[in-house]
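Dear colleague,

Please find below the structure that I promised to hand over. My notes on it follow directly after.

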Amino acid sequence: MSNTSLGKVMVQVLETGERKTLDEEQQNNFYKSFYEHTSPEIEKIREEQRKRFDESRNLTLA
Amino acid sequence: MARLTIHQIKDSSDLHALLQQCAAWRVDPFAHLPLKNSIEHAQKAGCVTVIKQDPVQDPDYLAEYLAYYARGFLNIKKECIRLHFFSAPMKDAEDVLPYLDRISHESSDAYLGFLTLRPTLTSPVGATILSCLPSGHFVLCIDEFPVHLAGCNFSVKGTPFMQQDNAVGACAQASIWMALRTLRKKQGHSAFDPAQITTAATRFLVQGRTLPNREGLNPNQMVEAVRSAGYASHLHYFRNHNQPFSPDELEAARLWLYTYIESEIPVILGLFHSQQSSGHAVVLVGHGWSNAKVANNQLTTTFPVGTTSFLIHQAVEWVNGFYIHNDNTGPYQWLADKATGNEFSLEHTVFALPLLPGDVFLSGEEAVQTSINLYKDVAADFVANLTQGSPLPESDVVFRTYLIERHQFRSWALRSNLCSTVKDYYRLKNLPRRVWVTEINFKADYGDLAKLSTSRLGEIVLDPTGDGRDSPFLTIHINSAWTKAPDGSGLLIDRDIISQKIDVVKIQSDSRYMAYTRN
């Protein structure tokens with residue numbers, strides 16, 4: 001799960017009321033962290049489908 | 001002979017007698033289940049008057065006729081009969097034209113739709129559109145279709161239905177026709193007639209005869225027909241057809257299907273009895289609803305946040321079944337999760353083919369997973385940075401994910417009770433033609449439809465042209481009922497589509513608001 005600076009910025013904005021833009025490092029950390037833990041889950045969905053396609057070649061609907 | 005005649009309907013025997021007059025039936029007309037159930041649906045909708053239109057040159061039957069029946073040696077009629085159903089009674093001895101003139105002015109919503117009777121008596125139900133029943137379900141894959149009768153204009157809101165012709169096409173073609181016809185106006189894509197569907201499906205891959213096409217289609221041929229009509233070839237298998245669903249797999253399938261139905265996208269299902277490789281195709285068009293949660297938490301995501309646990313439920317956990325158009329049995333038929341007897345049920349589903357627009361690259365299942373992961377990141381990161389003693393955010397939420405057209409999303413924002421800052425933000429933000437929206441709703445009382453006007457805590461808006469692995473969010477909004485900020489403030493996380501910069505903005509007076517409801 002993510003451990004980026006987004007949460008820190010969210011809390012700061014809520015406390016100060018001042019709009020904030022994540023700096024480049026904070027932003028990259030957020031995107032990188034998301035990719036690292038989401039990519040395997042999405043790949044799993046896709047791999048499962050590749051397997052099912054192979055298993056289902058002889059089906060018909062009449 | 002008059003082209004239009006009017007008939008008073010007191011009970012089902014009047015409808016049965018009217019059907020008897022329409023053709024020289026080989027068997028009782030009510031022995032045809034799709035015909036019987038269509039007629040019963042019209043009756044449940046309040047039909048008390050029928051206008052019979054004879055003859056009708058129906059374009060879909062004419063295409064079947066030209067592709068197949070015209071080539072037969074024996075003469076087969078090329079005209080159909082159409083029955084139009086009305087909920088407004090006729091006056092004593094009122095003729096058809098005075099009735100139509102009166103009803104079109106007084107109560108045009110009395111029009112309940114029509115049923116086309118083909119002259120081919122083994123498969124009599126041609127193109128049919130019946131209005132949905134008024135309450136108790138969410139039939140979402142619908143459109144409004146204009147109907148003109150003797151110069152009077154009516155319309156019917158429903159899902160087109162057709163029985164397989166069994167010469168030009170089987171259940172697969174009938175299901176594709178129903179799904180394509182439902183979306184023709186909304187998506188502006190082709191809506192092939194049954195003969196064109198068979199031609200498109202068998203363009204590259206043929207197995208058995210194409211005319212008559214009694215063997216049906218295989219999933220790859222169905223995908224090709226849908227793709228050539230302009231939709232994504234998004235075929236999804238839920239399980240190996242030789243192995244039954246596990247309870248977890250069945251729940252996952254329900255979530256998968258619900259996401260598309262909530263997006264108003266009809267889904268063609270391939271249903272198979274155990275150990276059989278020849279199945280049946282139907283079209284999923286809507287879902288039911290229960291005030292109490294019906295699922296057993298298989299879909300609930302639990303994740304640690306600090307020293308506590310947060311939960312994400314899915315709205316489908318309140319869905320008690322689905323509605324299908326089944327060309328073998330009729331329109332708006334109930335599809336239970338589990339089978340009783342020999343009936344098809346959801347647990348017979350092997351694959352699904354939603355009519356997903358071709359330019360939507362992020363599938364429903366990936367949008368659901370992406371939203372869960374984004375929410376987990378945001379919630380955990382936010383709590384980790386809260387100062388000691390601050391109240392924790394709302395920990396028990398319900399997600400509801402759907403694809404929505406940009407203009408519909410903005411229209412919802414405009415008419416909603418969303419706070420004005422966020423309302424204006426959504427109306428002005430640069431958005432793609434469609435967006436995936438995951439609503440974040442308050443869990444308590446979620447099933448109670450009367451409380452939908454204040455159920456919402458926020459939403460995650462995703463770019464449907466993005467990649468699920470690459471955080472394709474456009475906006476994350478969470479209101480004060482989630483943040484628990486003492487001053488009633490929420491937060492909006494905005495991503496600039498050009499620079500990819502992420503801005504965090506405090507939103508004043510950001511309280512609970514309405515879930516998306518259709519007009």
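How many residues of chain A are in contact with residues of chain B? The model, which is a predicted one, places 39 residues of chain A in contact with 49 residues of chain B. On the chain A side, at least two residues each come from α1 (6–16), β1 (20–21), α2 (24–55) and β2 (60–61). Of the elements of chain A, α2(A) gives the most to this side, namely 16 residues. By residue type, the side of chain A that touches chain B consists of 18 nonpolar, 15 polar and six charged residues.

The two chains are also linked through strand pairing. β1(A) runs antiparallel to strand β22 (residues 502–507) of chain B, and two bridges join them. Within this pairing, K20(A) stands opposite V504(B) of β22(B).

I turn now to chain B as a whole. Chain B holds twelve helices and 22 strands. The C-alpha trace of chain B spans about 85 × 55 × 45 Å along its principal axes. Of the 519 residues in chain B, 52% are buried. Considering contacts in chain B between residues at least 6 apart in sequence, 70% join residues at least 24 apart.

One hairpin in chain B may be of use when you inspect the model. Strand β12 (residues 301–305) and strand β13 (residues 308–314) of chain B pair in the antiparallel sense, with five bridges between them. T301(B) has I312(B), in β13(B), as its bridge partner. Two residues lie between the strands of this hairpin, and G306(B) in the turn has a positive phi of about 60 degrees.

Some details of the backbone also deserve a look. Where in chain B are the residues A93(B) and D445(B) to be found? A93(B) lies in the loop between β3 (80–86) and α4 (96–106) of chain B, and D445(B) lies in the loop between β18 (434–442) and β19 (456–462) of chain B. A93(B), which is not a glycine, has a positive phi of about 55 degrees. For D445(B), also a residue other than glycine, phi is positive and near 65 degrees.

Are A93(B) and D445(B) exposed or partly exposed? D445(B) has 14 other C-beta atoms within 10 Å, so D445(B) is partly exposed.

Finally, there are cis peptide bonds in chain B to note. The bond from D54(B) to P55(B) is cis, with omega near 10 degrees, and P55(B) belongs to strand β2 (residues 49–56) of chain B. L211(B) and P212(B) are likewise joined by a cis peptide bond, whose omega is about -10 degrees. P212(B) is found in the loop between α6 (194–201) and α7 (219–228) of chain B.

With kind regards

Terms used. Residues numbered from 1 in each chain as written. Chains lettered and ligands numbered in written order. Predicted model: local features only at pLDDT ≥ 70, side-chain atom pairs only at ≥ 80, totals over all residues. Contact = placed C-beta atoms within 7 Å. Helix = DSSP H or I, 4+ residues; strand = E, 2+ residues; numbered from the N terminus. Nonpolar A, V, L, I, M, F, W, Y, C, P; charged D, E, K, R; others polar. Pairing = 2+ DSSP bridges. Buried ≥ 20, exposed ≤ 12 C-beta atoms within 10 Å, placed from the backbone.
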